[in-house]
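Let's take a walk through this structure together. Have a look at the model below, and then we can go through it part by part.

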Amino acid sequence: MKNAERINSLSDLSLGSACQIVSLELSGLLRRRILDLGIVPGTLIRSIRRGPSGDPTAYLVRGTLIALRSEDASQILVRKLSNGEECV
Amino acid sequence: MILSAEKKSLLWQNYFGVTIRNDQLSIALAGNPNVGKSTIFNALTGLHQHTGNWPGKTVNNAHGSYQYQKKPFLIVDLPGTYSLLAHTVEEQIARDFLCFANPDVTVVVLDATSLERNLNLALQVFEITPNVIVCLNLMDEAKKKNLVIDVPSLERELGVPVVATAARQGKGLEELREKILQVATGLLQPTPRQIKYSSDVESALKELLPLVENITNNSLSPRWIALRLLDGDQSFLESLSNFLDIDQVSFQDWEESKCAQ
Amino acid sequence: MCAMSSSRNLSEAYGQAEYVRKAYRNSFSDQIVADIYGNAEQITKHVLSSKGRHRIGFDQIIDNLVTSKWFGYPLMILLLVGVFWITIEGANIPSGLLASVLFAFQDQLTLGFQWLGAPDWVHGVLVLGVYRTLAWVVSVMLPPMAIFFPLFTLLEDSGYLPRIAFNLDHIFKKAKACGKQSLTMCMGFGCNAAGVTSCRIIDSPRERLIAILTNNFVPCNGRFPTLIAITSIFIGGAIASYSGIINALVISGMILLGIAVTLTVSWLLSITILKGEPSSLVLELPSYRRPKIGAVIYRSVIDRTLFVLRRAIIIAAPAGAVIWILANIYIGELSILSTVAHTLNPLGKLIGLDGFILMAFILGLPANEIVMPILIMSYLSTGSLQDFASLEELRNVLVSNGWTWLTAVNVMLFSLLHWPCATTLLTTYKETGSKKWTFLSFLIPTLIGFSACFILTQVVRMLGLA
Ligand SMILES: Nc1nc2c(ncn2[C@@H]2O[C@H](COP(=O)(O)OP(=O)(O)OP(=O)(O)O)[C@@H](O)[C@H]2O)c(=O)[nH]1
Ligand SMILES: [Mg+2]
């Protein structure tokens with residue numbers, strides 16, 4: 001992969017920054033749920049806030065706030081946006 | 001599904017727990033959670049279904065009736081779902097209702113403040129039934145967020161009537177009633193946008209279509225069934241074979257259903 | 001065409017689909033969703049424009065506070081205490097007013113019956129049984145409910161509830177359950193049966209069952225007016241000047257205890273009969289919407305009033321009649337009611353209650369609203385006191401029947417922790433479709449209720465505190 005160094009998991013995304021979904025390493029019902037909410041490869045997503053104890057994290061995706069636990073977010077692979085790419 | 005009024009009321013009674021009179025025109029209210037379906041339901045029927053600003057307030061089918069232009073309507077408030085590729089109980093309830101109950105009109109309620117996400121469900125409904133109206137609710141909230149939606153061009157894109165509403169303020173409901181009447185009586189015939197999938201999916205669909213074409217007597221879109229088969233959607237296939245049995249065993253002659261044995 | 005042939009067609013097609021799915025490497029279901037969203041994006045791009053900047057400022061500011069590390073939890077507790085404080089303070093006057101009007105009318109009714117020359121038993125069943133129970137339920141239950149629920153609905157309509165789930169999720173995760181369980185618990189305040197139904201929002205079957213089995217630890221509509229009445233009489237009442245806020249703190253404490261029990265039981269279930277790891281949470285946090293305050297208050301006051309009155313008429317009124325009859329048919333020296341109470345007395349005493357209280361809880365199975373009326377009627381029918389109209393007089397009734405602060409605390413504990421009402425059990429059966437889980441949903445609280453009261457009583461007695 002060309003920019004392998006830039007592939008991270010969603011849970012590592014720092015608060016306030018945005019990225020693009022690369023792939024979902026989830027299975028079953030959760031995968032389905034996440035897909036249905038529009039978190040598909042290519043989607044832009046921004047991490048917005050964490051719960052009082054640091055988990056879960058709320059992400060802004062397609063104009064709505066969705067909270068995910070870090071275990072689940074860590075199975076979603078994302079790519080950092082290079083400068084100048086469109087933000088959510 | 002083309003059902004006679006008697007069959008329909010029997011089916012509704014037994015499988016969806018809804019009593020419908022033969023002369024009533026039927027409406028299903030579908031949409032994502034928390035978009036104001038119950039609020040619209042209440043406004044149309046004058047009932048008081050519980051509403052609340054969180055996804056999942058309604059978990060059961062509720063139904064009520066109203067009159068418009070001397071025509072009686074029966075309207076069913078479905079649980080909110082993000083998609084019809086059902087995997088939870090509420091999603092199954094909503095999907096089975098849309099697929100098998102055959103309402104005369106399906107109103108898909110969209111949240112104007114998150115159009116993209118909400119269109120996902122609308123586009124799925126378009127694959128099941130052509131008699132769809134899109135109700136673009138929460139227009140007041142969209143305005144607060146400085147979002148402007150070009151309704152006529154949305155109507156063109158989707159191929160179905162689009163009504164902008166702010167249900168809590170009672171705005172746009174008159175037009176909604178009117179459009180429901182027109183679609184229910186066949187005065188208006190929507191031609192909902194059909195999705196063209198990527199080539200892989202389309203060619204796989206082509207392989208499957210001949211096999212499913214005659215499963216349901218054209219009562220349910222074969223393309224939709226083929227899509228679910230590609231999905232490997234077990235729960236839909238279970239429902240489908242259930243309803244196929246109902247369709248045939250309870251409504252057709254015994255003689256006929258025995259012939260295969 | 002035939003049923004058999006079409007289901008054969010279906011399974012044939014299914015086999016073919018299986019084959020096709022394997023032949024292509026990519027997952028079709030992902031592609032299908034991605035294609036639909038691709039369309040949705042295109043359409044949105046054509047029709048949506050944003051006038052000026054996208055404004056999420058308002059939501060952000062509130063969320064910063066509501067989910068903050070420092071203020072998130074204190075704010076939740078503050079809201080809880082605040083809501084109960086307003087409820088208790090606000091309910092005081094209308095409760096007193098309703099009681100004096102309704103009980104004054106009872107005297108008129110009695111006079112009327114005397115004037116008509118109705119036999120004693122008719123007066124007994126209709127006035128002392130049915131009417132008095134109704135009067136109690138309406139005057140004690142209605143005002144707090146008609147204040148609490150509008151407040152709660154305002155919170156619900158504003159969009160705060162999902163934030164509660166967001167804040168509490170990691171605690172539920174530790175108990176190997178789901179944060180959405182807190183939403184189902186919120187629904188339980190209104191009615192545990194509704195709470196049990198709302199558990200459908202939890203995706204994982206294991207976690208849904210946990211939520212169903214523990215919903216009862218949230219005091220419902222029928223129980224917390226009882227809690228309020230008892231604190232007002234025995235705890236807040238003792239410290240007159242701050243009684244409102246003390247009562248609110250006590251009730252909030254009970255709720256927190258209920259939450260603690262819920263978490264503990266959830267965890268215990270997760271490591272025993274419902275073994276499993278926490279699954280996942282996908283929770284949408286909707287934008288705040290300003291509720292239409294007037295409409296919400298109007299609607300929910302009406303809703304609750306009708307709800308309470310309906311339950312009173314359907315359940316409390318007949319129960320009143322039955323209890324009066326049982327209290328007035330004698331077998332030898334004792335009425336049927338007293339006979340039963342005496343039989344239950346040793347068990348009751350063991351857990352710091354008495355036979356009458358235990359019997360009232362048992363007879364209250366159809367609906368928790370009737371526990372206190374049954375209890376008071378049983379006391380009244382056996383003691384020398386004839387009637388009461390205020391909380392002060394009610395206190396005298398209870399004290400003369402041997403109540404201490406320990407009895408009061410035990411009744412509150414037992415009310416919070418005991419078995420679910422019949423409607424909730426029925427709903428649990430509908431939702432789980434299993435006798436076993438329904439029975440467990442009965443057994444678990446029952447055991448906990450008995451043990452909690454037993455341990456507290458024994459400890460307090462050992463320490464010589466009561
Ligand atoms: N501002 C505004 N609020 C609305 C409008 N329509 C509904 N609401 C509010 O949005 C919230 C959700 O409405 P519901 O009718 O309960 O939504 P629902 O689609 O039935 O939700 P589920 O049952 O969870 O699927 C409620 O608090 C309503 O008062 C509207 O047009 N404008
Ligand atoms: Mg609803």
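In chain B, the C-alpha centres of domain 1 and domain 2 lie 25 Å apart. Where the two domains of chain B are in contact (heavy atoms within 4.5 Å), 17 residues come from domain 1 and 17 residues from domain 2. Domain 1 of chain B covers 5–195 and domain 2 covers 197–261, with bounds from an automatic or database domain assignment.

This is a predicted model, in which local features need pLDDT of at least 70 and side-chain atom pairs count only at pLDDT 80 or more, while totals for chains, interfaces and linings use all residues. Residues are numbered from 1 along each chain as its sequence is written, chains are lettered from A and ligands numbered from 1 in the order in which they are written, and side-chain values use heavy atoms, with hydrogens and water left out.

Between them, domain 1 and domain 2 of chain B bury about 1600 Å² (accessible area, 1.4 Å probe, lost on putting two parts together, summed over both). Carbon and sulfur atoms give 66% of that area. On the domain 1 side, B:Phe100, B:Glu127 and B:Ile195 supply 34% of the area buried against domain 2 of chain B, more than any other three residues.

Now turn to chain C, whose C-alpha atoms fill a box of roughly 85 × 60 × 55 Å along the principal axes. Of the 466 residues of chain C, 56% count as buried (under 20% relative accessible area, 1.4 Å probe, protein chains only).

Methods
Buried means under 20% relative accessible area, exposed over 50%, partly exposed in between (1.4 Å probe, protein chains only).
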